[in-house]
Amino acid sequence: MTDAVRQRAAVPLVHRPVAVHAWEDIVFAHWRRHPASLARLVPRGTRPDVVDGSAWVGLTAYVFRETALPPFPPSRRLGSMTEVTIEIPTVDTRGRHGIVYRTVDTGHVPAIVAANTLLGVPYTFSHVRATRRGDTLDHRSVRHPARAAHPVRWARALVHAGNARPPRPRPRHDVLVRVTAGDVVDTPLAAALTTRAGIHARHLAQTLFWQRQHAPLTVRSARLERLEGDLPAAVGLPGLLDRDPDSLLVVDATTVRYAWGEVVR
């Protein structure tokens with residue numbers, strides 16, 4: 001890991017942490033993109049971060065094993081969840097290297113409400129699961145758009161559905177990624193893609209920066225076993241999974257602390 005990225009990971013939080021998460025079984029898949037193709041997908045005051053000559057789009061999946069909301073102690077029951085994200089590495093006008101989430105898919109309803117209401121992070125209800133067998137990690141997310149947008153209408157349709165004719169297939173957006181972790185890698189590209197200083201989020205007509213801190217990561221290479229789904233198309237990135245990632249990495253575990261940063265614009 002380069003000195004600059006090591007400092008990015010360990011920079012002290014400017015404010016008290018609002019959340020502390022224990023992450024496990026983290027998969028980072030990234031694809032190269034031209035910066036101009038992503039410019040409209042990031043909030044004002046930021047731009048796609050050019051790393052190793054390219055802008056990037058990432059698919060990240062991980063498991064929360066526990067969450068702490070200081071000053072309260074950690075809770076496995078409150079904070080245990082799996083998340084699958086589509087994200088774009090960004091840099092703002094002050095040079096802070098963050099990420100913009102196009103979506104964070106999870107089945108944890110309290111996290112969805114809190115993130116959308118308070119943070120400006122686009123959490124979406126999905127059926128998400130994760131399994132691990134040795135060094136093989138499997139993450140899957142299935143989102144039903146009609147259920148999320150119109151839950152009452154969706155439930156009523158189930159109650160009144162008859163058996164006169166076969167039910168029509170319900171539209172959905174999903175993604176499945178399965179990888180097998182390999183050896184430790186310590187390259188500038190791996191460090192820059194996995195270690196971001198915070199989150200850039202659009203909320204109430206403003207661009208916010210939420211600071212993120214964790215210890216330097218131990219990053220491993222990975223071999224792709226399976227990758228499919230149309231979730232990227234639902235967030236403005238069609239065709240993302242049509243080819244293998246340009247970077248595929250795994251981090252076994254880390255503890256992440258989030259704190260308020262400031263208004264970017």
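**Ground rules**

I am working on a predicted model, where local features need pLDDT of at least 70, side-chain atom pairs count only at pLDDT 80 or more, and totals for chains, interfaces and linings use all residues. Residues are numbered from 1 along each chain as its sequence is written, and side-chain values use heavy atoms, with hydrogens and water left out. For helices (H or I, at least four residues) and strands (E, at least two) I use DSSP runs, numbered from the N terminus.

**Entry: strand 3**

I then looked up its neighbours; two strands pair if DSSP finds at least two bridges between them. Strand 1 pairs with strand 3 over 12 bridges in the antiparallel sense. Within that pairing I noted Val 20, whose bridge partner in strand 3 is Ala 68. Strand 3 also runs antiparallel to strand 4 (residues 81-92), with 7 bridges joining the two. There I noted Val 63, whose bridge partner in strand 4 is Thr 82.

**Entry: aromatic pairs**

I counted rings of Phe, Tyr and Trp (its six-membered ring) as a pair if their centres lie within 6.5 Å; planes under 30 degrees apart are stacked, over 60 edge-to-face, and the rest tilted. The count comes to 4 aromatic pairs. One of them is Tyr 62 with Phe 64, a stacked pair at 5.6 Å centre to centre with 15 degrees between the planes. Tyr 62 is buried at 2% relative accessibility, and Phe 64 is buried at 3%. Another pair is Trp 210 with Trp 260, which is edge-to-face at 5.0 Å centre to centre and 70 degrees between the planes. This pair links distant parts of the chain, since Trp 210 lies in strand 11 (residues 206-213) and Trp 260 in strand 13, 50 residues apart.

**Entry: cavities**

Which residues line the largest cavity? I searched a 1 Å grid over the protein atoms alone, where a cavity is a set of points at which a 1.4 Å probe fits but cannot get out, and lining residues have an atom within 4 Å of a point. I joined grid points across faces, edges and corners and took a volume as the space filled by probe spheres set on the points. The structure holds 2 cavities of 30 Å³ or more, and the largest cavity has about 50 Å³ of space. Its lining is made of Trp 23, Ile 26, Phe 28, Thr 194, Arg 212, His 214, Leu 217, Thr 254 and Val 256. Strand 1 and strand 13 (247-263) are the elements that give two or more residues to this lining. The largest share, 3 residues, comes from strand 1. I sorted the lining into 5 nonpolar, 3 polar and 1 charged, with Ala, Val, Leu, Ile, Met, Phe, Trp, Tyr, Cys and Pro as nonpolar, Asp, Glu, Lys and Arg as charged, and the others, Gly among them, as polar.

**Entry: salt bridges**

I required a side-chain nitrogen of Lys or Arg within 4 Å of a carboxyl oxygen of Asp or Glu for a salt bridge. How many salt bridges are there by this rule? The count comes to 19. Among them, Arg 132 and Asp 25 meet at 2.6 Å, N to O. Arg 132 lies in strand 7 (residues 127-133) and Asp 25 in strand 1 (residues 17-33), so the pair ties together parts 107 residues apart in sequence. Arg 132 is partly exposed at 33% relative accessibility, and Asp 25 is buried at 8%.

I next checked Arg 178 and Asp 138, whose closest N and O atoms are 2.6 Å apart in a salt bridge. Arg 178 is in strand 9 (residues 173-185) and Asp 138 in strand 8 (residues 136-143), so this pair ties together parts 40 residues apart in sequence. Arg 178 is partly exposed at 26%, whereas Asp 138 is buried at 4%.

My last pair was Arg 223 with Glu 225, a salt bridge with closest N and O atoms 2.8 Å apart. Salt bridges that share partners join Asp 25, Arg 132, Asp 135, Arg 220 and Asp 252 into one network.

How values were computed:
Buried < 20%, exposed > 50% of the residue type's maximum accessible area, 1.4 Å probe, protein only. 1 Å grid on protein atoms, 1.4 Å probe; cavity = no way out; pocket = protein on both sides within 12 Å on 5 of 7 lines; lining within 4 Å.
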